[in-house]
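Visitor: Please show me how to read side-chain contacts in a model like this one.

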Amino acid sequence: MDYLPDLTNKLVTKWGVFMDKWKCTACEYVYDPEKGDPESGIEPGTPFEDLPDDWVCPLCGVPKSMFEKITD
């Protein structure tokens, strides 16, 4: 089954869209689109790419630009 993609760190929505998880490079918080960030008004199911430009890490406050896509 080497021909199948590794979906370990992806969320498959009911529409069949894959959403990646992203990790803060400062504190290692993981943004999980399945959970969103309700305390910041981000609904579950919101892809990282759709977060507002002024969204910051809920743990350490760094900007969105300090996150890396989890690839493994």
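**Reading the side-chain contacts**

Guide: Start with accessibility: Lys69 is partly exposed, with a relative accessible area of 39%. The terms are set by relative accessible area: buried is under 20%, exposed is over 50%, and partly exposed lies in between (1.4 Å probe, protein chains only). This is a predicted model, where local features need pLDDT of at least 70, side-chain atom pairs count only at pLDDT 80 or more, and totals for chains, interfaces and linings use all residues. Residues are numbered from 1 along each chain as its sequence is written, and side-chain values use heavy atoms, with hydrogens and water left out.

Visitor: How many salt bridges does a search of the whole structure find?

Guide: A salt bridge is a side-chain nitrogen of Lys or Arg within 4 Å of a carboxyl oxygen of Asp or Glu. The search of the whole structure finds two. In one of them, Lys69 meets Asp20 at 3.6 Å, N to O. This pair links distant parts of the chain, 49 residues apart: Lys69 is in strand β5 (residues 67-69) and Asp20 in strand β2 (residues 18-20). Strands here are DSSP runs of E, at least two residues, numbered from the N terminus. Asp20 is buried, at 12% relative accessible area.

Visitor: Which side chains meet in a salt bridge at 3.9 Å?

Guide: Those of Lys21 and Asp32, N to O. Lys21 lies in the loop between β2 and β3 (22-24) and Asp32 in the loop between β4 (30-31) and β5, so the pair ties together parts that are eleven residues apart in sequence. Lys21 is partly exposed at 22%, whereas Asp32 is buried at 10%.

Visitor: What describes a pair of aromatic rings?

Guide: The distance of the centres and the angle of the planes. Rings of Phe, Tyr and Trp (its six-membered ring) pair if their centres lie within 6.5 Å; planes under 30 degrees apart count as stacked, over 60 as edge-to-face and the rest as tilted. A search of the whole structure finds seven aromatic pairs. Among them, Tyr31 and Trp55 have ring centres 5.6 Å apart and planes at 70°, so the pair is edge-to-face. Tyr31 is in strand β4 and Trp55 in the loop between β4 and β5, 24 residues apart. Tyr31 is buried at 0%, and Trp55 is buried at 4%.

Visitor: Which residues form one aromatic cluster?

Guide: Trp22, Tyr29, Tyr31, Phe48, Trp55 and Phe67.

Notes
Helices (H or I, at least four residues) and strands (E, at least two) are DSSP runs, numbered from the N terminus.
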